[in-house]
Amino acid sequence: MAYLGNAPKQNLNTMNSQQFNGDGSTVNFTLSQSVANTAEAEVYVGNVRQDPCSAYSILGGTTLAFTEAPASGTANIYVVFQCISTGSIN
């Protein structure tokens, strides 16, 4: 695909994600990339998408804080970081 200006620095078609292991008691998890708000991350527990209004919040941009501890499991929690970009046209 043709474009004007500098070459893109990253492939925006690739979604970044991160997995965690639930233990039934931990409610806070450290994210590998900073997000501005809950809309910039989709959170799943046991393949069920969680409601950002009631199931979790993002604190300080890098802490995923659940309202209740997710159940025990290996890689049963995963976060998909949305490819949100901002820019300006001069």
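Phe29 and Phe66 are both buried in this predicted model. Their rings have centres 5.9 Å apart and planes at 85°, so the two form an edge-to-face pair. Since Phe29 lies in strand S2 and Phe66 in strand S6, the contact ties together parts that are 37 residues apart in sequence. Phe29 and Phe66 also belong, with Phe20 and Tyr56, to one aromatic cluster, and the structure holds four aromatic pairs.

S5 and S6 form a hairpin with three residues between them, and Gly60, which sits in the turn, has a positive phi of about 65°.

A second aromatic pair is made by Tyr44 and Tyr78, whose rings are stacked, with 4.7 Å from centre to centre and 10° between the planes. Tyr44 lies in strand S3, residues 41-45, and Tyr78 in strand S7, so this pair ties together parts that are 34 residues apart in sequence. Which of these two tyrosines is buried, and which is partly exposed? Tyr44 has a relative accessible area of 16% and is buried, whereas Tyr78, at 22% relative accessibility, counts as partly exposed; the cut-off for buried is under 20%.

The two pairs described above are set out here.

| Aromatic pair | Centre to centre | Angle between planes | Arrangement |
|---|---|---|---|
| Phe29 and Phe66 | 5.9 Å | 85° | edge-to-face |
| Tyr44 and Tyr78 | 4.7 Å | 10° | stacked |

Strands S3 and S7 belong to an open sheet of four strands, which has the order S1-S7-S3-S4 with antiparallel pairing. The edge strands of this sheet are S1, residues 16-22, and S4, residues 48-49, each of which pairs on one side only. Six bridges join S1 to S7, residues 73-81, and these two strands run antiparallel; one of the positions in this pairing is Asn16, whose bridge partner in S7 is Phe81.

Key. Residues numbered from 1 in each chain as written. Predicted model: local features only at pLDDT ≥ 70, side-chain atom pairs only at ≥ 80, totals over all residues. Heavy atoms only, no water. Pairing = 2+ DSSP bridges. Phe/Tyr/Trp six-rings, centres within 6.5 Å; stacked < 30°, edge-to-face > 60°. Buried < 20%, exposed > 50% of the residue type's maximum accessible area, 1.4 Å probe, protein only.
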